[in-house]
Amino acid sequence: MSIFIDFVLIPIIKILVIVTFVFVSVLILIWIERRFQGFVQSRLGPNRVGPQGILQSVADAIKLLTKEDVIPNQVDRFIFNISPIIAFVTALVVFALIPFGAELNIFGRKITLYLADLNIGLLFIIGFNSIGVFGIILGGWAAKSKYPLLGSLRSASQMISYEVALIMSLVSVLFFSRSLSLVEIVKAQQEMKVWFAFIQPLAFFIFFIAGVAESNRLPFDLPEAESELVGGFHTEYSGMKFAFYFVAEFAHVIFFSALVTVLFFGGWLRPFPNVDWLNFLDYIPPVFWFLGKLAFFVFIFMWIRATWPRYRYDQLEMISWKWLIPLALVNIFITGLIVILVK
Amino acid sequence: MSLYSGFIYFFGILSIFLGIMVITRKNAIHSAVYLIFCILSIAGLFFLLQAEFIAGIQIIVYAGGIMVIYVFTILLIKLEVVKGLKRRWEIKLITAIVFSALSGEILYLLLRKREALLPEEYGIAKGTVQAVGSYLLRDYLIPFEVVSLLLLVAMIGAIMLSRKKV
């Protein structure tokens, strides 16, 4: 019975909580983003459905779910149907590794606030992140029309170049954490009493830019640049399948914010873990700190989107190959040198 | 049959099924998609064998890296559905020999000692990041460096070949 609770019941509840968390926050984020962009651009944004328009995303979701699923004649059916699923599943699966907090005691049973603590956590995340690219490449190709194809080709080269910068910026963090498991990385920050963003600011900077690029957001949203490519890779998609892509994009934003929080900003730890007189902050549940930092980075994502223009394609490739990757290599070299000299 | 071996059989059968789908599809991009799933399911097998590092690398390098290049290439060349490809009898003979040798080997192993095939009898395999890292960078450092030199040479060669003549 105890085995049943530990290995079946609790994981299922955790999965339900995580999936609900992602869906609900995607719905809320879409509304916040539209209102915030409206505010930045001196217009109103959606404000009719519900108080302040908060039910707008719910209305949109119902519309998308009940809409006719149009499949154009020329498409490759198998690939056309499977690519939104690839994008959606890979965006959701990685949430299994995010530690939302330390352990909790509920009814005398220790419950960890993460679904899985893999020994190779970061590798798993990078791997599934790179599989997510297929959702976009194949989706654009399967539509068999020119704008989606252009969008998917752009996304392929963009994702490949920024993935290199993303992985390289992580290496210098691993010098300090000495583990690939996300839980261990937070615990290492607890032991060192400092958030990694303060000892690795350059790595954080590179990681964040690469994260924005990986989730296809402005200023790196060339795969779907509305003004040139209609809707980019998802031009031919409608209804549910379009909703899958949309949710996947927002899930990516939430996920990268969570990853930045865990890797560079101490996960569930309170601010200033090195200052003792702030100990009273420990009475606030760790989950609160985690979600607060998460919300902050999601807001930064939106802020960037609202204020920055889109890069030109060659500029985008240049940023990655000529700036981010060499900087990340230099950072790895210097960090390695310092670690060896100090030891 | 424990849950563990059940998972092993599940991923094994899934890999074989997906592998068959890869070679029987007429459309190259469909084959590529099945190959991605096949690689993932083999990564699942590695996970079960506690070779976690290899599973991770399998996903990143094969499913994420090499397959992106494959798909990219297939997208850029003009695709034609292969119809009734005629193969020469020598190739058929070689295929038959390789196939029967491999399946004979597997059958022999299955019949000889059936119980030792599952990894739980071997104890924990050393496939963690720490184990692989210390093997590569401590015990076998020089072979590792030689291999990376080889890769570097191959990379420079590829750049030279694809360069425009000046």
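This is a predicted model: local features need pLDDT of at least 70, side-chain atom pairs count only at pLDDT 80 or more; totals for chains, interfaces and linings use all residues.

Modeller: In α1(B), the residues Y4(B), F7(B), I8(B), F11(B), G12(B), L14(B), S15(B), L18(B), G19(B), M21(B) and V22(B) form one side of a contact. Their partners in α2(B) are S31(B), Y34(B), L35(B), F37(B), C38(B), S41(B), I42(B), G44(B), L45(B) and L48(B). Sorted by class, this contact between α1(B) and α2(B) comprises 15 nonpolar, 6 polar and no charged residues.

Colleague: How is the geometry of such a pair described, and what angle do helix α1 and helix α2 of chain B make?

Modeller: In general, the description of two packed helices rests on the angle between their axes and the distance between those axes. Here, helix α1 (residues 3–24) and helix α2 (residues 28–48) of chain B pack at about 160°, and their axes are 8 Å apart. The angle therefore makes α1(B) roughly antiparallel to α2(B), as the cut-off for that term is over 145 degrees. The crossing of α1(B) past α2(B) is left-handed.

Colleague: How do α3(A) and α10(A) compare in direction: roughly parallel or roughly antiparallel?

Modeller: In chain A, the axes of helix α3 (residues 77–93) and helix α10 (residues 239–264) come within 8 Å and cross at roughly 25°. Angles under 35 degrees count as roughly parallel, and α3(A) and α10(A) are therefore roughly parallel to each other. α3(A) passes α10(A) in a left-handed crossing. By class, their contact has 11 nonpolar, 3 polar and 1 charged residues. The α3(A) side includes F80(A), P84(A), I85(A) and F88(A), while the α10(A) side includes K241(A), F244(A), Y245(A) and H252(A).

Colleague: Helix α10 of chain A also holds L259(A). Is L259(A) buried or exposed?

Modeller: L259(A) has a relative accessible area of 3% and is therefore buried, the limit being under 20%. Leaving aside residues up to four places away in sequence, L259(A) touches I98(A), I125(A), L182(A) and F207(A). As for F198(A), 61 residues from L259(A) along the chain, the two C-alpha atoms are separated by 16 Å.

Colleague: Where is K193(A) placed, and what is its phi?

Modeller: K193(A) is in the loop between α6 and α7 (196–199) of chain A. K193(A) is likewise a residue other than glycine with a positive phi, near 55°. Its relative accessibility is 43%, so K193(A) counts as partly exposed.

Colleague: How many helices and strands does chain B have, and which domains are assigned to chain B?

Modeller: Chain B has 6 helices and 0 strands, and its elements run α-α-α-α-α-α from the N terminus on. The domain assignment gives domain 1 (3–85) and domain 2 (128–166). The C-alpha centres of these two domains of chain B lie 25 Å apart. Of the 166 residues in chain B, 25% are buried. Among contacts in chain B between residues at least 6 apart in sequence, 61% join residues at least 24 apart.

Note on methods. Residues are numbered from 1 along each chain as its sequence is written. Chains are lettered from A and ligands numbered from 1 in the order in which they are written. Side-chain values use heavy atoms; hydrogens and water are left out. Axes are lines fitted to C-alpha atoms, for helices over the stretch in contact, and angles run from 0 to 180 degrees between N-to-C directions. Helices (H or I, at least four residues) and strands (E, at least two) are DSSP runs, numbered from the N terminus. Angles under 35 degrees count as roughly parallel, over 145 as roughly antiparallel, 65 to 115 as roughly perpendicular and the rest as oblique. A crossing is left-handed if the near helix is turned anticlockwise from the far one by less than a right angle, and right-handed if clockwise. Contact means heavy atoms within 4.5 Å. Ala, Val, Leu, Ile, Met, Phe, Trp, Tyr, Cys and Pro count as nonpolar, Asp, Glu, Lys and Arg as charged, and the others, Gly among them, as polar. Domain bounds come from an automatic or database domain assignment. Buried means under 20% relative accessible area, exposed over 50%, partly exposed in between (1.4 Å probe, protein chains only).
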